[in-house]
Amino acid sequence: MTYQLGTKLKVAILGGIVDEPEILALEHLGFLPEVTIFGIDKKNEYLDLNQIFEEKLDVNFDLILCSQVWEHVWCHENAFRNILKFMKSGSHVWLACPASNRAHAGPDYQYFSAGFTRTYLTKNVERLGLKVLASGQLGSARFYRATHTMPIWLTVKSHKIPILHSFREYEIGTRIAMITRYFLRNLELFLFSSKITSNDAFATESWIFAKKP
């Protein structure tokens, strides 16, 4: 199935929120996503990917999105099987996760893994009987260095000029303290290339795009 621009897409988001970057990208491209959220927030359709989703689904989703969730799942066998339960013939799935990350968590979820390779994703998706359309990984030496030596994830601006834009998410007092504490390390980031690459040595993100025949 080929989707034309302007097409309404029924999208299931597993473990995410309505303004996921992928949804914004679809809208920017001209698609009209109709989103249903199956997340960790009890306000939405609650879904624990570690447990087999037993509720009967009206499987009419064109696209299943699951991004930056896999590191917070401990039973991936069940999680992969849950994805399949949301798919009909012709459905697509986009799964993105860290390739290499640091520990992080929130009040409603835990952190279980530092990341997964695209090969890991490919092998498990193929076990479901899905056809892999594309897969990959990406990162940069600078982002990799920052991720593993500083308590932040670089934004687009701070990836380009770390010394000016790092720690902007903090309030002013905390930001000044963090800039002072990590000044030399922040400055050191300029020694590492900001060029986006698929090199295994610097990959921080893995992704896969697959289809159910």
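**Exercise 1.** Is Asn78 buried or exposed?

*Solution.* The model is predicted: local features need pLDDT of at least 70, side-chain atom pairs count only at pLDDT 80 or more, and totals for chains, interfaces and linings use all residues. Residues are numbered from 1 along each chain as its sequence is written, and side-chain values use heavy atoms, leaving out hydrogens and water.

Step 1. Asn78 belongs to helix 2 (residues 76–85); helices (H or I, at least four residues) and strands (E, at least two) are DSSP runs numbered from the N terminus.
Step 2. The relative accessible area of Asn78 is 14%. Buried means under 20%, exposed over 50% and partly exposed in between (1.4 Å probe, protein chains only), so Asn78 is buried.
Step 3. Leaving aside residues up to four places away in sequence, Asn78 touches Leu49, Asn50, Gln51 and Ile52 (contact: heavy atoms within 4.5 Å).

**Exercise 2.** Determine which residues of helix 1 are buried, and what covers them.

*Solution.* Step 1. In helix 1 (residues 21–29), Glu22, Ile23 and Leu26 are buried.
Step 2. These residues lie on the same side of helix 1 because they cover an arc of only 100° around the axis, taken from the directions from the helix axis to the C-beta atoms.
Step 3. Pro21 and His28, on the other side of helix 1, are exposed.
Step 4. The cover over the buried residues includes strand 1 (8–14), strand 2 (32–39), strand 4 (63–67) and strand 5 (92–98).
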